[in-house]
Amino acid sequence: MMLPWKMSAQEPGPEHSPHAPVSIHDVTVAYHQKPVLWDVDLDLPESKLVGVIGPNGAGKSTLIKAILELVPRASGEVKFYGGSLRRHRALVGYVPQRESVDWDFPVSALDVVTMGLYRRIGWFRHIRHRHLREAMNALARVGMDSYARRQISQLSGGQQQRIFLARALAQDARIYFMDEPFAGVDVTTEQIIINLLRELRDAGCTVVVVHHDLQTVPEYFDHVIMLNTRVVAAGPTSDVFTRENLLKTYGGRLTLLEEAAQAVAMTAKH
Amino acid sequence: MKHRFHFNFFWLAALALLLVVSLPVFAQSSNAASVGSALRRIFSAHDYNTRVVMSGTGLLGIACGVVGAFMVLRKKALFGDAVSHATLPGIALAFLLAVAMGGTGKNMPILLLGAGLAGLLGMTVILVIRNSTRLPEDAILGIVLSVFFGAGIALLGVAQRVNTASAAGLETFIYGKTASMLGEDGRRIAWCATALLGICALLFKEFRALCFDAEFARTQGWPVRSLDALMMGMVVVTTVIGLQAVGLILVIALLIIPPSAARFWTEDLRALVLLAAAIGALSGVLGSGVSATFPDLPAGGVIVLVAAAIFLLSFIFGRSRGLMVRAAARVRLERRVNRQNALRAMYEVSEQQPEHQPIPESALRAVRYWPGVQLRRALRRLAREDLAREVLDGWVLTADGREEARKMVRNHRLWELYLIHHADVAPSHVDRDADVIEHVLGQKMVADLEALLAESSPKPPVPVSPHPIAAATRGGAS
């Protein structure tokens, strides 16, 4: 049994590849002096579906936000294909948590999706018809084109999530970060989303997904990052999604342990 | 093409509104051109000065409506209030400075410049405290508002001691006094309103993204802090040009009320901005007009009251979110639920008895609780739709009614089973009204559920209720 401080102490960090879509170098994030992420140091693999799992408060969303510079990092650095985020901004797509915005806002589904194109449209410029067409295409990919004119509060939770996804698709990125896109969505939406994520991966994109449902991890993700303030394990799902690692990640949370056991049984079957 | 037209339409309409309202302040005083005389007829009974005041406050209303729409959507309404109060010490200091430099101190541009600088200072103080402490935002706003306003009151006292005669007018900035507004003041407001409208038109898409989802805007690389600062700077400018007309306490009303009233009418941001501008203009023009007609009626108060009246009307009659629309929607929902309940109750009773035998109302009342005359009303509505018929000793379903009821019962039972067997899924995703349950749950899930139902049912067209029907009776909507 390794002692906790031995586990977190980094053996001279893994080799970072300059070609990795995202290299995270010893990132630590603290909110009000309390660290929520310690020394995260890893590379994200090219064209893979990557799940980020861990208990509540483990820093899953914070990891994504730290990568995207939405929260200040206390230390460390993140490289995109060896360069800075500023230089590779166009390669990065983001799907925030659904609860992070006010869905009563006076815009239509199409308006929201078009926001994914604003960066390419550029400062001061008007939205042209071809931009709207592009946004409609993104909507069609999530099966929402017939809802384009709806005000967003009139959509169900799953439909709202699909709108967010369509906005990210409109960004036409190479690396996608998604914060709990499967949280509280209906079965149809879940199917649409996972099919789309696979499509993106097969097209060469790297998709990083914060996920809460352990049972679907082996089915959905090629690669997992198991997080509990620090990285407990990261690697191909078949290697690291083990009972032992789950115990380390989730500690003594009993109900979750049960789920974990089931999930492990499922991996064995795969 | 359609959408470009749309975009331009809204901004052109806003610009046209601005031009019409601003004509009087640009028209020559007595011998105005033909446009002027046409407008004079509209604003008849008033002299040139009154027209200038009405035009100036109308323009202020446009500026406030446009800027206020974004401010309210960014959830910064109280920020605007704090900033407007923070202008007072600037006015007093500018006055003292002007006196020290040997003037009377009543130089409007200098006073307004002082007000603007103090407003910006207040804004900066709020941002600094917010970014460097963990104080809640409302507390910070309260601190800045009261401290700046207090400092302003104190400095006004000093100003009065220095030069009592000309400092007397300074207090009008607190409550506003339109009577002193001149043509040049009106023109200043016109230019500021034009500039503010122009900025909003240019940065419309950036502001929209910022107000809706600032975090996403940041990942896109927009400078969110600068955009926020610009937006708040625009609030400061609006406040400053509003000081003379409505005063620093009431200007917040013109910033918040028009967009809030407009929200009851539309679900589109461009329409919201235009409508807020129109409501602001109407409040300003009507309010100052009424105040000029009756002596001793302060304009600031009347303008706010007019805006409030428009808000009240919108709140009740608003086509999109007004009280009436919502009440009508609620009545429709109640009717739909009752209709479904009546159909389901009839179907469930008829399952237990020979086909085509009339169902007495007492049997329906045994299956489900119906307050008052609800059941009879629902049945009569079914009769009007030709889904049910009243016969001698009860009611029967028509062929159409049977079919409709069958579909409804099937859906309901499938949903019930879904809830029982998939309790881990958030219940809020159960949509009892879904016409085609497969659209929500997917083909496979529905097939699974139907198989599950078939196991417990001998004859399958409608799955048997997963709970004993009598047991569900008193549960309300089971």
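A search for disulfides over all chains of this predicted model returned 0 across the whole structure. A disulfide is a covalent bond between the sulfur atoms of two cysteines.

The contact between the two chains was examined next. The size of an interface is often given as the accessible area lost when the parts come together. For chain B and chain A, the buried area amounts to about 3,900 Å², and carbon and sulfur atoms contribute 60% of that area. In terms of residues, 39 from chain B are in contact with 42 from chain A.

Between chain B and chain A, 16 residue pairs are in polar contact, with both residues of each pair at pLDDT 80 or more. The elements of chain B that each give two or more residues to the side touching chain A are α1 (2-26), α11 (204-212), α12 (214-219), α15 (269-293) and α21 (437-441). The largest share of this side comes from α11(B), which supplies 6 residues. When the residues on the side of chain B that touches chain A are sorted by class, 18 are nonpolar, 8 are polar and 13 are charged. The rule for salt bridges finds 5 of them across the interface of chain B and chain A; one salt bridge joins the side chains of B:Lys75 and A:Asp102, with a distance of 2.9 Å from N to O.

Backbone geometry was considered last, with attention to two residues of chain A. Most residues other than glycine have a negative phi. A:Tyr81, although not a glycine, has a positive phi of about 50°, and this residue is located in the loop that runs between β4 (75-80) and β5 (92-95) of chain A. With a relative accessibility of 22%, A:Tyr81 counts as partly exposed. A positive phi of about 50° is likewise found at A:Glu180, which is not a glycine. A:Glu180 belongs to the loop between β6 (175-179) and α7 (187-202) of chain A. The relative accessible area of A:Glu180 is 17%, so this residue is buried, the cut-off for that class being under 20%.

Definitions and conventions
Residues are numbered from 1 along each chain as its sequence is written. Chains are lettered from A and ligands numbered from 1 in the order in which they are written. This is a predicted model: local features need pLDDT of at least 70, side-chain atom pairs count only at pLDDT 80 or more; totals for chains, interfaces and linings use all residues. Side-chain values use heavy atoms; hydrogens and water are left out. Contact means heavy atoms within 4.5 Å. Buried area is the accessible area (1.4 Å probe) that two parts lose on being put together, summed over both. A salt bridge is a side-chain nitrogen of Lys or Arg within 4 Å of a carboxyl oxygen of Asp or Glu. A polar contact is a pair of N or O atoms within 3.5 Å; within protein, one must be able to donate a hydrogen and the other to accept it, and residues adjacent in sequence count only if both atoms are side-chain atoms. Helices (H or I, at least four residues) and strands (E, at least two) are DSSP runs, numbered from the N terminus. Ala, Val, Leu, Ile, Met, Phe, Trp, Tyr, Cys and Pro count as nonpolar, Asp, Glu, Lys and Arg as charged, and the others, Gly among them, as polar. A disulfide is a pair of cysteine sulfur atoms within 2.5 Å. Buried means under 20% relative accessible area, exposed over 50%, partly exposed in between (1.4 Å probe, protein chains only).
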